[in-house]
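Dear colleague,

Please have a look at the structure before reading on.

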Amino acid sequence: MPPALSFAQVRRRFGRLAVLGGVSASVATGEVLLVTGRNGSGKSTLLRCLAGLLAPDSGTIDYSEDGAPMDAAARRRRIGLVAPDLAFYGELTAAENLAFFSRLRGIGRERGDELLRRLELPPDRPTAALSSGMRQRLRWAWALLHRPRLLLLDEPFQNLDAAGVAIVRRLLAEHLAPSPAAAGAPGLAVVANPVPLEIGSVAGNLDLGA
Amino acid sequence: MPAASAVSRPASTWVREAAAVFAKEWRSELRTRYALNTLALFAVNTLVVVSASLGPLGAAPGRSSETLPVLLWLILLFAAAAGLPRSFVHEEETQTATALRLAATPSALFCGKLAYALTLLAALEALVAPLFLAVMNLDVARPGLLVATLAAGGFGLAAGSTLVAAIIAQARGKGTLFAVLSFPVLLPLLLLAVELTRGAFAGGGPPGQGEQGGLGEAGVALMQLLLYDGAVTTAGLMLFPVVWNP
């Protein structure tokens with residue numbers, strides 16, 4: 001059974017400030033949900049709720065893979081996240097960072113090496129010495145490391161040059177519709193602050209407004 | 001169908017995760033040497049001050065066995081307080097905590113961090129204890145008891161500090177909070193460890209108490225210290241997933 005994500009009436013406040021006021025949408029396999037809105041409209045907050053990093057005050061978030069619904073703890077482990085505030089160990093190299101998270105996730109180093117190659121990242125440079133664009137590529141490598149079915153992408157093209165954008169667009173297209181030779185099953189994605197994507201089928205445009 | 005949860009995972013997976021965290025902590029530490037330098041510098045500086053003031057040329061010899069165990073554990077406590085909380089706080093400050101939250105099982109993460117704190121504290125004790133005995137010109141009547149006290153006390157200090165560090169990591173005013181929260185958590189440990197160390201320096205059980213049948217007073221106090229270690233570690237394993245995740 002293909003993975004599917006739906007959420008209904010998700011609300012979240014920070015003190016007196018209501019950031020999300022009852023947001024609902026759903027996404028199916030091979031689809032992309034676009035989330036737009038001005039700064040402070042709650043796009044990142046919504047993605048953090050979907051990732052299981054933030055508990056909504058009310059509302060439901062349902063995500064299932066192979067017919068099995070997942071709670072927030074399971075969802076946290078399964079999703080892939082690209083976000084501006086995602087950081088890695090500056091004293092370790094890109095390869096060492098990916099090797100560490102590969103070990104945590106119980107996958108071989110080959111996957112990390114493959115992503116480093118595809119994203120044209122220098123494996124032996126300390127992460128602290130990477131440019132902002134290279135760090136964004138490392139976020140993509142980290143997000144795709146465990147072949148997640150659900151990708152949550154917050155400003156996914158931030159700081160990337162034209163070559164970087166081309167690489168990650170290719171990776172996103174493969175995620176949504178893998179070639180028959182690839183091992184993975186089709187995934188789905190929620191993208192906040194998207195540039196025109198022209199990738200996959202758009203499930204909807206959730207405009208969070210002001 | 002029941003919701004899948006990340007809580008129930010095979011033991012081998014859990015051990016692998018904890019080992020990965022432990023290895024990463026030491027790799028990062030050996031690159032930056034922040035905690036190693038902080039702990040060692042603090043401990044040696046304090047030791048020099050104490051030895052210059054209360055060493056063989058300072059305090060009256062008769063007071064040594066009463067005063068010196070307190071000083072030894074104060075040196076260990078403050079050195080640990082200077083270096084150990086950084087483990088979790090650093091993850092929040094450098095925003096690496098998000099990646100960890102999404103990839104690691106909380107209890108495995110706690111145990112990996114605890115194992116790192118334990119080895120760091122063991123290294124600190126291996127440096128401080130012999131130096132302390134040397135500069136204070138102390139004879140240890142029961143070296144076995146001293147080693148057991150340092151091991152059990154060090155475990156408790158590492159477990160208590162790791163637990164408090166995990167609790168305060170997401171809060172503001174971390175330094176103040178660490179002091180406030182660690183006081184009630186670490187006080188029983190310090191009282192027991194000081195009494196046992198006194199017993200090790202002076203011989204017999206803790207001062208003023210003679211040997212009894214079975215384990216003796218020292219054995220009972222050591223058992224209490226081990227129980228404390230077990231309780232704090234269990235509390236850490238139970239509380240950590242709650243304070244770590246939303």
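Predicted model: local features only at pLDDT ≥ 70, side-chain atom pairs only at ≥ 80, totals over all residues.

Chain A contains six helices and nine strands, and its C-alpha atoms fill a box of roughly 45 × 40 × 30 Å along the principal axes. A compact globule of 210 residues would have a radius of gyration near 17 Å, and chain A, with 17 Å, agrees with that. Of the 210 residues in chain A, 44% are buried, and of the contacts in this chain between residues at least 6 apart in sequence, 73% join residues at least 24 apart.

Turning to the helices, the axes of α5(A), residues 132–144, and α6(A), residues 162–176, come within 11 Å and cross at roughly 10°; since angles under 35 degrees count as roughly parallel, the two helices are therefore roughly parallel to each other. On the α5(A) side, the contact is made by Gly133(A), Gln136(A), Arg137(A), Trp140(A) and Leu144(A), while α6(A) brings Gly164(A), Val168(A) and Leu171(A). These residues divide into four nonpolar, three polar and one charged.

As for the two chains, their contact takes 29 residues from chain A and 25 residues from chain B. On the side of chain A, the elements that give two or more residues are β5 (68–70), α2 (72–78) and α3 (94–105), with the largest share, five residues, coming from α3(A). The residues on this side of chain A comprise 19 nonpolar, three polar and seven charged.

With best regards

Definitions and conventions
Residues numbered from 1 in each chain as written. Chains lettered and ligands numbered in written order. Contact = placed C-beta atoms within 7 Å. Helix = DSSP H or I, 4+ residues; strand = E, 2+ residues; numbered from the N terminus. Nonpolar A, V, L, I, M, F, W, Y, C, P; charged D, E, K, R; others polar. Axes fitted to C-alpha atoms, helices over the stretch in contact; angles between N-to-C directions. Parallel < 35°, antiparallel > 145°, perpendicular 65-115°, else oblique. Rg over C-alpha atoms; globule rule 2.2 N^0.38 Å. Buried ≥ 20, exposed ≤ 12 C-beta atoms within 10 Å, placed from the backbone.
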